[in-house]
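Thanks for coming. Please have the structure open while I talk.

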Amino acid sequence: MLLRTLMFWSESILASHSPTPPHTAPPPPHSDSLPARHGYDSYSELVLPFKSNTALLDSYTNASGGIRVGKLMEHLDSLAGSIAYKHLLGPTVSALGPVHERGFYLVTASVDRLDMLAPLYPVRDIRLSGQVIHTGRSSIEVAVRMEALGADHAEGEKTIMLGRFSMVCRDATTHTARAVNPLLISTPEEDALEVMGARLKQHRQDRSRRALNRVPPTSTEAADLHAFYLAHGQPGPHEDGERVWMADTKLETTMLMFPQERNVHQKIFGGYLMRLAHELGYAGAALFARAPVRFLALDGISFTRPVPIGSVLRLSGRVLHTHGKLVHVAVRAYTADIATGAEEVTNDFRFTFARPLDPLNANSRREVVPKTYTEAMLWLEGRRALEMGMEIRGLRGGGRE
């Protein structure tokens, strides 16, 4: 089930100037009137045959011979959306159909995490898969997995990335919340996944309530921030590494949004934005480290509003926190109205990269230092993200960092 464009752009333009077709969809249902579905009903997968298809591998290869992670993020976003639609429409449906006939649409509310648990294998096939693990009244939680497939049975499969997407359903006419099909639980495995999905949703809500733009930092965080300021924010030389002001790590790019990157809702495809943000984040981390870096995690994405076709997109990134070899980067997306120049925030992205550590190289000990109160809160947010990522990768990946 494709989530990219289903018609030519010329047809979309003609449709936008035609009278809106009458709304033929039935009234929005209540969740108790919708058929419940198993998690396995929504299971979907995509295999990228890198081992056997040299041309495909070449189109995904980065400058150092590895795989472009941002392009894989595009696929994961599309896969997660397809899984959510499959849950709503049923496992046998292969096409979405027009929104006004379907009566609803899905939007990605957030990407909670994508954690890299093992290196990518350019010479092995990659399988992307996932399914619905939890539903709310109008929300759907989707878990995704990326695996390297063995060349033979003895090699087996190796999980290299895990993540989760949160989708919300909207009525096509009123654009208000619309009920989604409940998740049917009938096996211990389904129950475990549903509990995990509910717990992850609760954790996301708890993090939102504890966000530093809502409540002050804890006493421990305030003390650690002050100690860091005394060690790195004072004038003079610093024996334990080079100080880099947070504002000096800023990196930006601006581009036009063309219709070739649209989704089925005639907005810019979210996975494409993920790839652009990842590549800018990588560039910022590498320039800060003055060395190539390795992707470890997408720590979170919030989708505030869609990016219109034809708008001017500005991506602004900066390093927020460093801890040992870890570099945490934030990228914020803005759209500008060409007629007025007014800007709106559309997305916030957070990434963690690993830099090479060399005791003899001062670049590997560079520390990002906040100068203002706003930057200090961002520094603490980055630390929270790094701590959570280290805990998750330690539990799932055997403690490797």
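First, the term I need: two rings of Phe, Tyr or Trp count as a pair if their centres lie within 6.5 Å, with the six-membered ring taken for Trp. Planes under 30 degrees apart are called stacked, those over 60 edge-to-face, and the rest tilted. Keep in mind that this is a predicted model.

With that cut-off, a search of the whole structure gives 7 aromatic pairs. One of them is Tyr-282 with Phe-353, at 6.0 Å centre to centre and 80° between the planes, which makes the pair edge-to-face. Tyr-282 belongs to helix α7, residues 270-289, and Phe-353 to strand β13, residues 343-354, so this pair ties together parts that are 71 residues apart in sequence. How do the two partners stand in accessibility, buried or partly exposed? Tyr-282 is partly exposed, because its relative accessibility is 31%. Phe-353 has 0% and therefore counts as buried.

Phe-353 also pairs with Phe-351; here the centres are 6.3 Å apart and the planes 40°, so by the cut-offs the pair is tilted. Phe-351 and Phe-353 are both buried.

Two rings have a charge over the face. Lys-71 sits over Tyr-60, 4.4 Å from the ring centre. Arg-102 sits over Phe-104, at 5.5 Å from the ring centre.

Next, helix packing. Helix α7 packs with helix α3, residues 69-89, at an angle of about 160°, and the axes are 8 Å apart. At that angle the two helices are roughly antiparallel, because angles over 145 degrees count as such. Their crossing is right-handed. On the α3 side the contact is made by Val-69, Gly-70, Lys-71, Met-73, Glu-74 and Asp-77. On the α7 side the residues are Gly-270, Gly-271, Tyr-272, Met-274, Arg-275 and His-278. Note Lys-71 in that list; this is the residue over the face of Tyr-60.

Ser-129 is in strand β4, residues 126-135, and with 6% relative accessibility it counts as buried. What does Ser-129 contact, leaving aside neighbours within four places in sequence? The list is Tyr-43, Ser-44, Glu-45, Leu-79, Ala-143, Val-144, Arg-145 and Glu-147.

Tyr-229 is in helix α6, residues 219-233, and is partly exposed at 42% relative accessibility. Between Tyr-229 and Val-369 there are 7.9 Å from C-alpha to C-alpha, although they are 140 residues apart in sequence.

Two backbone points. Most residues other than glycine have a negative phi. His-175 has a positive phi, near 60°. This histidine is in the loop between β6 (157-171) and β7 (183-184), and is partly exposed with a relative accessible area of 48%. Arg-290 also has a positive phi, near 55°, and its place is the loop between α7 and β10 (294-303).

Last, the chain as a whole. There are 8 helices and 14 strands. Of the 401 residues, 49% count as buried. Among contacts between residues at least 6 apart in sequence, 75% join residues at least 24 apart.

Terms used:
Residues numbered from 1 in each chain as written. Predicted model: local features only at pLDDT ≥ 70, side-chain atom pairs only at ≥ 80, totals over all residues. Heavy atoms only, no water. Helix = DSSP H or I, 4+ residues; strand = E, 2+ residues; numbered from the N terminus. Buried < 20%, exposed > 50% of the residue type's maximum accessible area, 1.4 Å probe, protein only. Lys NZ or Arg CZ within 6 Å of the ring centre and 35° of its normal. Axes fitted to C-alpha atoms, helices over the stretch in contact; angles between N-to-C directions. Parallel < 35°, antiparallel > 145°, perpendicular 65-115°, else oblique. Left-handed = near helix turned anticlockwise from the far one by under 90°. Contact = heavy atoms within 4.5 Å.
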